[in-house]
Amino acid sequence: MAAKHVIDPITRIEGHLRIEIEVDETNNVVEEAASSSTAFRGFENIMRGRDPKDVGMFAQRICGVCTFHHYERGVEATEDAFGVTLPPNARMLRNLIWAAQAINDHTTHFYQLHAMDWFDVVSALDADPVAATEIAHQFHRTPYNASESHYTQVAERLLAFVQSGQLGPFAGGYWGHPKYRLSPEENLIIASHYLDNLAVQRMSAKASAIFGGKNPHPQSLIVGGMTSARDALDAHRIAEYQFLIQKSADFVERAYLPDLELIARRYRTEALAGEGGGLRNYMSFGAMSLDERPWAQRAHFLPAGLVLDRDLSTVHDVDPMKIAEEVAHAWYDYEGGETALHPLDGQTNPNYEGLNEDGTLKTEGGYSWIKSPRYDGQPVEVGPLARLIVAYAAGDEKVQTAMDGFTDTIGVPFDFWYSTVGRTVARGLETKIIADYVPELVTNLTQNVANGDDRFFNRYEPKDGPGWAMGEAPRGSLSHWLTVENGSVANYQAVVPSTWNASPKDGREQRGAYEAALVTQPMSDPERPLEVVRTIHSFDPCLACAVHVLNRDGEEIARFEVEV
Amino acid sequence: MTTAHRHAGPDPTHDLEARTQEHYEWLAAEADKNLDRLEAQDPVHDVTLDDVLKRRGLSRRDFLKMSAVMTATLGLPPMFDLRVARAQEVATRLPVIWQELQSCSGNSMALIRNANPGTDELLLDLISLEYAEILMAPSGQAAEDVLADAIERYDGQYIAVFEGSVPVAEDGGYLTIGPTGETGVHKVEHISKHAAAVIAAGTCSAYGGIPAARPNPTTAMGVADFLGQRGIGTPVVNLPACPVSSTNVVGTILEYAMFGRLPSLDAYGRPLWAYQDRIHDKCERRGHFDAGEFVEGWTDIEGLKAGLCLFKVGCKGPMAYNNCGVVRYNEGASWPIMAGHGCIGCSEPGFWDTLTPFEVPLAGRVYATPFGTDADADTIGTVALGAAAAGVAIHAGATAVKAATESRSDAKKEQ
Ligand code: SF4
């Protein structure tokens with residue numbers, strides 16, 4: 001007998017997401033899961049008939065969080081169609097924005113959107129500030145903002161929230177849930193960094209705005225180059241960028257990584273049991289292009305590739321022509337009865353089929369506003385974990401050192417990574433790897449300029465034809481595809497990280513990454529689905545969604561009553 | 001009524017300076033009355049300004065300085081400095097419900113990332129953010145319960161902030177939220193009906209924005225239009241831009257705290273203090289426009305390095321109303337025109353259709369808005385600017401600006 005549960009909305013994500021799970025009532029294990037994006041805007045259709053030079057500006061509004069990445073991909077897709085490459089300075093500037101944006105995304109995601117799945121705010125009130133200071137020192141020699149007076153102040157502030165009966169953003173959380181594993185002192189340490197990061201994350205956003213004009217929704221990329229040449233040639237602006245990244249990196253070093261080590265130690269049982277591991281295929285399109293060769297030959301800071309069935313001995317090349325999007329269980333129709341189309345031939349014809357009477361998904365038919373992208377017919381996971389696994393398998397030294405170093409410290413085998421915990425830690429390691437690379441990025445730019453190169457733009461002649469761009473956003477593999485006809489956009493498709501991960505089942509009933517990660521998840525209390533929310537958040541979802549828990553036999557939907 | 005009027009407003013027989021002074025005194029008295037009223041109410045939560053300042057390592061003095069900056073941003077004279085400071089303290093009496101609709105979360109992100117002039121962060125702590133999907137701990141029914149509880153407890157008192165447009169096609173099926181699959185349409189109706197005031201944050205929420213761009217596949221619309229159609233009379237203020245400027249969100253909430261009502265609005269529902277000037281009026285490159293010095297194209301690296309006017313590479317600053325050039329973004333780090341990219345006019349209704357292509361100047365084109373030819377000063381200003389733009393394109397420089405100003409005032413006279 002399975003009970004169906006509905007969780008909607010899933011908060012602390014970008015966009016609207018809904019998840020429905022069926023839980024075996026004899027052992028509380030998730031048997032079935034459905035992931036549904038519940039919002040549609042129709043970007044692909046809005047893009048048609050536009051000037052191809054404008055698509056980046058439109059595309060970036062797909063997401064206010066991965067804002068720069070959609071912008072960059074949109075501009076690059078047009079650059080590909082027009083056959084224009086970038087001068088080195090423009091590429092370096094885009095990479096500087098990429099790095100700042102990635103550091104911002106990852107730290108904001110962990111502290112503001114995910115940490116509350118791991119630490120219990122209410123428990124932190126019982127902490128002894130002196131003991132907390134000692135514990136913080138076990139995880140770093142000079143821990144971030146760790147002192148008796150600071151922790152006392154944080155505890156007082158939390159207490160004021162609780163005593164006022166107004167928990168603000170903390171109201172209604174799953175506090176006291178048995179799957180919170182940290183001691184009161186450990187909870188206080190992360191709670192303190194949650195508050196610290198509200199201020200710290202602004203710095204990396206500001207760094208990206210120095211060359212991007214603003215954040216979110218930057219405005220300095222143009223087809224063929226960059227407009228922020230004046231900032232890039234100004235030593236003060238570069239120093240300001242560097243200073244802000246240094247401050248952010250300091251927080252990563254002294255707060256983020258120690259917190260991840262703490263979480264990895266306390267939640268190692270769940271990690272080693274493979275909870276939330278999900279799919280066995282990992283894909284990356286390559287993060288930060290390092291040259292202007294065609295995509296397939298291009299070097300990336302983190303390499304492109306595909307690892308299948310967790311077999312680290314082989315990294316497969318990614319063939320862009322093997323990507324297809326299926327609509328068997330999505331609220332779309334393809335003309336001519338096709339079920340899978342390559343994005344260059346893609347169609348976006350909405351066909352909403354509605355919900356069941358009780359508001360649950362009609363999982364036999366369409367049940368989501370996102371399509372199911374598949375690589376060569378197979379579902380894959382994308383994101384920081386996928387990027388690191390591909391890089392590790394490809395022999396990337398910095399990644400191997402970071403991953404092995406971490407598992408050695410904790411004393412766990414490599415399989416640790418194939419889990420919700422592993423995914424969360426991978427994001428933090430990647431943040432450090434990127435932050436460590438920034439000084440080199442800055443030097444490359446300043447040296448190139450010092451050598452007399454002041455080009456930030458290459459000329460082009462607009463052309464008709466197809467164009468596409470593939471690369472990595474912090475949340476995973478992102479590709480944009482367009483066809484230009486008579487000088488304007490005839491077709492546009494964006495295949496985004498969260499469609500790979502959050503996709504509904506495909507025509508062969510294969511689950512996407514979220515659904516696969518939830519199935520077999522044991523739950524200590526299905527009425528308070530902390531484990532589900534934690535796993536979904538570990539992917540850093542990029543859509544507005546909701547999780548639902550439903551009864552397979554059509555029984556009543558369970559409503560969550562959550563006490564503070 | 002007449003007696004009240006005489007006491008309430010400036011005496012029309014006095015000269016301009018005296019009238020202005022009387023007007024501000026009257027306004028200050030209004031603010032004091034309202035602030036007293038709010039102060040008498042119980043705070044929604046117990047975090048005090050001093051707690052917040054202490055945590056941020058700020059002194060009272062720093063706080064007053066920031067209040068002075070916000071006073072200036074609001075276009076108020078220094079006699080309001082202390083009132084702005086007080087408004088921030090009593091903001092704990094204002095519950096806020098922030099609901100995302102057809103959005104990209106960019107406005108939420110803008111709010112948590114921006115700190116210029118620094119007061120917004122304080123305000124985030126001081127106002128009571130009862131519901132905000134991007135930050136709240138609970139999911140699912142627990143989140144819905146928090147919302148229902150806030151609406152009931154603060155019925156008629158809270159400020160509703162919407163981010164994103166309202167999709168009305170398919171019976172609202174293009175957006176559902178919550179375990180029962182409630183539509184976005186229904187959410188907006190319900191939350192607005194019980195609110196004291198509505199803030200439409202960002203262009204999508206204000207005018208439909210990008211989802212409403214041609215061919216508007218989901219029949220998306222702005223919140224004010226939607227509420228108008230449904231006959232819901234809660235006052236709405238539009239804070240367009242993509243994303244919204246957090247300073248403008250904070251300023252609007254502070255003004256609401258001070259005066260107990262929304263600020264004066266222009267024809268498109270935007271607060272005058274933030275949107276009365278064109279980007280062009282306060283642009284750092286304006287001197288070059290007037291001198292006829294332009295970045296001639298993207299290969300003109302010398303022009304970009306020198307910070308020349310971006311009109312010829314498509315700047316829509318002459319057609320757009322907002323305070324970006326004054327407030328900037330990300331703690332003043334930059335703004336698009338500073339980064340060498342022309343303004344795209346993101347705070348104008350329908351700009352995705354009317355101000356594109358972005359890299360092409362609007363010279364010679366009359367700026368049509370979805371609102372048609374409304375005979376308000378703003379529209380006349382922008383239409384006149386269409387003529388100015390044509391002039392500039394042929395290097396008329398300063399003369400064109402003068403002509404534009406004259407034709408703008410001529411047009412005004414004709415009204
Ligand atoms: S046209 Fe644009 S860049 Fe030039 S002065 Fe006006 S607003 Fe500034």
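Colleague: Happy to look at this with you! What does buried mean here, and is B:Cys309 buried or exposed?

Modeller: Buried means under 20% relative accessible area, and exposed means over 50%. Please keep in mind that this is a predicted model. B:Cys309 has a relative accessible area of 8%, so B:Cys309 is buried.

Colleague: And where does B:Cys283 fall, buried or exposed?

Modeller: The cut-off for buried is under 20% relative accessible area. B:Cys283 comes out at 15% relative accessibility, so this cysteine counts as buried.

Colleague: How many disulfides does the structure hold?

Modeller: A disulfide is a covalent bond between the sulfur atoms of two cysteines. Over all chains, the number of disulfides in the structure is 0.

Colleague: Let's turn to the two chains together. How much area do chain A and chain B bury between them?

Modeller: The contact involves 96 residues of chain A and 88 residues of chain B. Of the area buried there, 56% is on carbon and sulfur atoms. The area that chain A and chain B bury between them is about 7700 Å².

Colleague: Which residue of chain A meets B:Lys305 in a salt bridge?

Modeller: Between chain A and chain B, 4 salt bridges are found across the interface. There are also 30 residue pairs in polar contact between these chains. In the salt bridge of B:Lys305, the N to O distance is 3.0 Å, and the partner is A:Asp454.

Colleague: Which helix gives the most to the side of chain A that touches chain B?

Modeller: With 10 residues, the top contributor to that side of chain A is helix H8 (residues 184-212). The residues on that side divide into 44 nonpolar, 29 polar and 23 charged. The name you asked for is helix H8 of chain A.

Colleague: Which helix holds both B:Lys33 and B:Glu30?

Modeller: These two form a salt bridge, with their closest N and O atoms 3.0 Å apart. B:Lys33 is exposed at 56% relative accessibility, whereas B:Glu30 is partly exposed at 26%. They lie 3 residues apart, about one turn of the helix, and that helix is H2 (residues 16-40) of chain B.

Colleague: What about B:Arg278, buried or exposed?

Modeller: B:Arg278 meets B:Asp281 in a salt bridge, at 2.7 Å from N to O. B:Asp281 counts as partly exposed, at 30% relative accessibility. B:Arg278 has a relative accessible area of 8%, which means that B:Arg278 is buried.

Colleague: One last stop: which residues does A:Thr420 touch, not counting residues up to four places away in sequence?

Modeller: A:Thr420 is placed in helix H14 (residues 420-450) of chain A. With a relative accessible area of 4%, A:Thr420 is buried. Leaving out residues up to four places away in sequence, A:Thr420 touches A:Trp118, A:Glu275, A:Gly276, A:Gly277, A:Arg534, A:Thr535 and A:Ser538.

Terms used. Residues are numbered from 1 along each chain as its sequence is written. Chains are lettered from A and ligands numbered from 1 in the order in which they are written. This is a predicted model: local features need pLDDT of at least 70, side-chain atom pairs count only at pLDDT 80 or more; totals for chains, interfaces and linings use all residues. Side-chain values use heavy atoms; hydrogens and water are left out. A disulfide is a pair of cysteine sulfur atoms within 2.5 Å. Buried means under 20% relative accessible area, exposed over 50%, partly exposed in between (1.4 Å probe, protein chains only). Contact means heavy atoms within 4.5 Å. Buried area is the accessible area (1.4 Å probe) that two parts lose on being put together, summed over both. A salt bridge is a side-chain nitrogen of Lys or Arg within 4 Å of a carboxyl oxygen of Asp or Glu. A polar contact is a pair of N or O atoms within 3.5 Å; within protein, one must be able to donate a hydrogen and the other to accept it, and residues adjacent in sequence count only if both atoms are side-chain atoms. Helices (H or I, at least four residues) and strands (E, at least two) are DSSP runs, numbered from the N terminus. Ala, Val, Leu, Ile, Met, Phe, Trp, Tyr, Cys and Pro count as nonpolar, Asp, Glu, Lys and Arg as charged, and the others, Gly among them, as polar.
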